[in-house]
Amino acid sequence: MPDVLFEQQNHNHQSCINQALKSAEKICQQKGLRLTPLRKRIFKLVWSNHKAVGAYDLLETLHLDDPKAKPVTVYRALDFLLKAGLVHKIESLNAFIGCLKPETAHHSILLICNHCHQTDEVEAPQIYERIFQLAVQNAFTPQNIIFELQGSCRNCQKKLSN
Ligand SMILES: [Zn+2]
Ligand SMILES: [Zn+2]
Ligand SMILES: [Zn+2]
């Protein structure tokens, strides 16, 4: 998958979804994790586009065909997907986004659009290396975190400049 999705306004998103599902199935099989139908359903919902999505939005969509679904159902599924490395949590928005490179270890930065919540993921290993160095120099044990950069995506820049 390309790094810069914003460039592809009319990309075939169904192929993004198919690719993501294929990766998810492979990873779960390798790690001995169970991608239950519900977890798969939530995963697909997270992947419905490249925008950050909150747990309650997911619940709302889930309610369309399962009115009894509870928040805890969604949270548990999201927790599973996070631990399996299939989605990233966007702390600043309290939302989620499908990981673009779940099959490989990576240190990414999330580029989050403040206007439309479109979120891209780019790898930045040097930045993480430097930050971890700084942490160690200060006798601090860093945990694996993900950097979030907020701003305007390509589309919204165009709209804003018009
Ligand atoms: Zn797509
Ligand atoms: Zn990722
Ligand atoms: Zn945007």
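The paragraphs below go through the fold of the protein chain and then two of its local regions.

This is a predicted model, in which local features need pLDDT of at least 70 and side-chain atom pairs count only at pLDDT 80 or more, while totals for chains, interfaces and linings use all residues. Residues are numbered from 1 along each chain as its sequence is written, and chains are lettered from A and ligands numbered from 1 in the order in which they are written.

The protein chain holds six helices and five strands, where helices (H or I, at least four residues) and strands (E, at least two) are DSSP runs numbered from the N terminus. Their order from the N terminus is α-α-α-α-β-β-β-β-α-β-α. The radius of gyration is 17 Å, close to the 15 Å that the globule rule gives for 162 residues, so the protein chain is as compact as a globular protein of that length; the radius is taken over C-alpha atoms, and the rule is 2.2 Å times the number of residues to the power 0.38. Along its principal axes the C-alpha trace spans about 50 × 45 × 25 Å.

Strand E1 (residues 87-90) runs antiparallel to strand E2 (residues 95-98), and four bridges join them; two strands pair if DSSP finds at least two bridges between them. Histidine 88 has isoleucine 97 in E2 as its bridge partner. Four residues lie between the strands of this hairpin, where asparagine 94 takes a positive phi near 50 degrees.

Helix H5 (residues 125-137) has 13 residues, which at 1.5 Å a residue should span 18 Å, and its end C-alpha atoms are 18 Å apart, which agrees; the expected span is 1.5 Å times one less than the number of residues. Just after H5, alanine 139 takes a positive phi of about 50 degrees.
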